[in-house]
Amino acid sequence: MNMFASLSAPPLFAGAATLRQRLLQCAAALAAGWPLYWVLGPQPAGVLAWCAPLPVLWLALRSSRRDAAWMTLLAAVLGLSSNLAYFRLLMPMPAVLAAIVVKALLWLLVVLATRRIVLRYRAGWTVLAYPVLWVAVDTLMAALLRDGNWGSLAYSQADHLAMLQVAALAGVPGLLFLLCLLPSALALLLAGGRAYAPAALASVLLVAAAWAGGAWRLQQAPVPVAGGPLAGLVAIDDFIGPATPPARAQAIWDQYAQHVDRLAGQGAQLLLLPEKIAVLSPAQAAAVQQRFQALARRTGTWITLGIGVQEGGGRRNLAWLFAPDGAAPVSYQKHHLAPPERDFLAGGAYAVQPVAGRAMGLAICKDMHFASFGQAYGAAGASVMLVPAWDFQLDAWMGARMTVVRGVENGYAVLRAAREGVLTVSDAYGRVLAQRASSEMPGSTLLGPLPAAVPVATWAGWLGPLVGWLCAVLGGILLCVGRRAVPAD
């Protein structure tokens, strides 16, 4: 018996294209897109991500190619509309709609290519088509786009620590592969019947083994010890811009200084302030630098803050790290600029500094959205990353958790202080040791443990890119070999 006999039956909703049938198809497509709505936005439901693509894949396998195309597109647009409000903060409406349409077309490409390969070859190995194609797309986005693979479905697992440990082995590509493998296997099992059971079982066992391995890794991880060194994080959402009255600007700077004094008095050895507290002229920046040099010397602490400097050659987004001896700060310039920073100059150097017995690296916000950037600091020996940041409220979870994933991939802890976001302290296993939402004046503070400088081995630095680019090559091959027409399509 043909293992895909059930898939060779008349397509779902086959027959004359009556109004009733079209309405049923629309309802099915919208029902399939609804789970995607909760996993494709800036704060995805991690558990739901394991099954959200299943209805779309099942519909595509049980429908004609033409119906599968428009139903997939409708479901994807509904799912991606969860980003509408966030995208609108960054782009004009035409660009927002274009971004959603392009992302929906990527869903259409992957789902239709998966459908063609499955129905063409009708073999157990085709369960790999959907995960391979998505990892290929994700890898190319990460390498080629200015925003990388922001919002990759893999980041939905950042709060699911056992599965997150896969990122230490094979990075985001490995985690995304497993995340796509399970719904692929279940969709083919439901559409293809018992003949697909071995492939589905093997997929479930692989995912279960990954979860068990991650749980074991967490069990072996050192337990954070109470009473150790402390770090203080501060964020005031108010921005000091050109139109800010001088008295108001002075009040904000004074408030930051008061928070530093108070947290240092509570035992914090390291203070982290957010990104681009103000954009200043060189003279104004020099005055701020002198003030915080003196503050670091007086409190005996390390202080990191973000500042923008307007110079003749352009504007720079900097992070300054002040030492307790009051010396001139270590300066780091942001590499990956956000859309509102089009007139800023991008940096290219890295900064790793011994701080409180730990090798600490400096980064700014969006820098940590890129795996290759995170890997560079891992290779440089950083055990802790200090990340001043500025989010957009709606993406607070995603911004923080993408940074947490970088720490898991490369074996270092992360301290991240974000305006209009979240203050977080996470360790090399992705455990969030402390967190608090930012707020407007007088702002928010967080006193948390300074993670221990324990070497944590990972393979993601080489295996992650290998998995990603291997899937990119295999994805191209699958697209080529799947071009032949599907029988009775």
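Modeller: Gladly! Trp253 and Phe292 are both buried, where buried means under 20% relative accessible area, exposed over 50% and partly exposed in between, with a 1.4 Å probe and protein chains only. This is a predicted model, so local features need pLDDT of at least 70 and side-chain atom pairs count only at pLDDT 80 or more, while totals for chains, interfaces and linings use all residues. Residues are numbered from 1 along each chain as its sequence is written, and side-chain values use heavy atoms, with hydrogens and water left out.

Biologist: What makes Phe373 and Tyr377 an edge-to-face pair?

Modeller: Rings of Phe, Tyr and Trp (its six-membered ring) pair if their centres lie within 6.5 Å; planes under 30 degrees apart count as stacked, over 60 as edge-to-face and the rest as tilted. The ring centres of Phe373 and Tyr377 are 5.4 Å apart and the planes stand at 65°, so the pair is edge-to-face.

Biologist: Why are Phe373 and Tyr377 separated by about one helical turn?

Modeller: Because they are four residues apart in helix H12 (residues 371-379). Helices (H or I, at least four residues) and strands (E, at least two) are DSSP runs, numbered from the N terminus.

Biologist: Why does Phe373 count as buried, and why is Tyr377 called buried?

Modeller: Phe373 has 2% relative accessibility, so it counts as buried. Tyr377 has a relative accessible area of 0%, so it is buried. The buried residues of H12 also include Gly374 and Gln375. Among the elements they pack against are strand S10 (384-390), helix H13 (396-410) and helix H14 (460-481). After H12 comes Gly381, with a positive phi near 90°.

Biologist: Which rings are linked into a cluster by ring pairs?

Modeller: Trp253, Tyr256, Phe292, Trp320 and Phe322. The whole structure has 16 aromatic pairs.

Biologist: Why is Asp138 called buried?

Modeller: Its relative accessible area is 9%, so Asp138 is buried. Asp138 sits in helix H6 (residues 129-144). Leaving aside residues up to four places away in sequence, Asp138 touches Asn149, Ser152, Val172 and Leu176, where contact means heavy atoms within 4.5 Å.

Biologist: How many residues are in the largest nonpolar core, and which have the most contacts inside it?

Modeller: There are 81 residues, and Trp107 and Leu178 have the most contacts inside this core. A nonpolar core is a set of buried Ala, Val, Leu, Ile, Met, Phe, Trp, Tyr and Cys residues joined through side-chain atoms within 4.5 Å. Helix H8 (residues 166-192) gives the largest share of this core, 16 residues. A second, separate core has 38 residues, including Ala231 and Ile364. As for Trp107, the residues it touches include Leu36, Pro53, Tyr130 and Trp134, not counting residues up to four places away in sequence.

Biologist: What is the volume of the largest pocket?

Modeller: About 950 Å³. On a 1 Å grid over the protein atoms alone, a cavity is a set of points where a 1.4 Å probe fits but cannot get out, and a pocket is an open set with protein on both sides within 12 Å along at least five of seven lines; lining residues have an atom within 4 Å of a point. Grid points are joined across faces, edges and corners, and a volume is the space filled by probe spheres set on the points. The lining of the largest pocket has 36 residues, with Tyr86, Leu90, Asp147, Pro339 and Lys366 nearest its centre.
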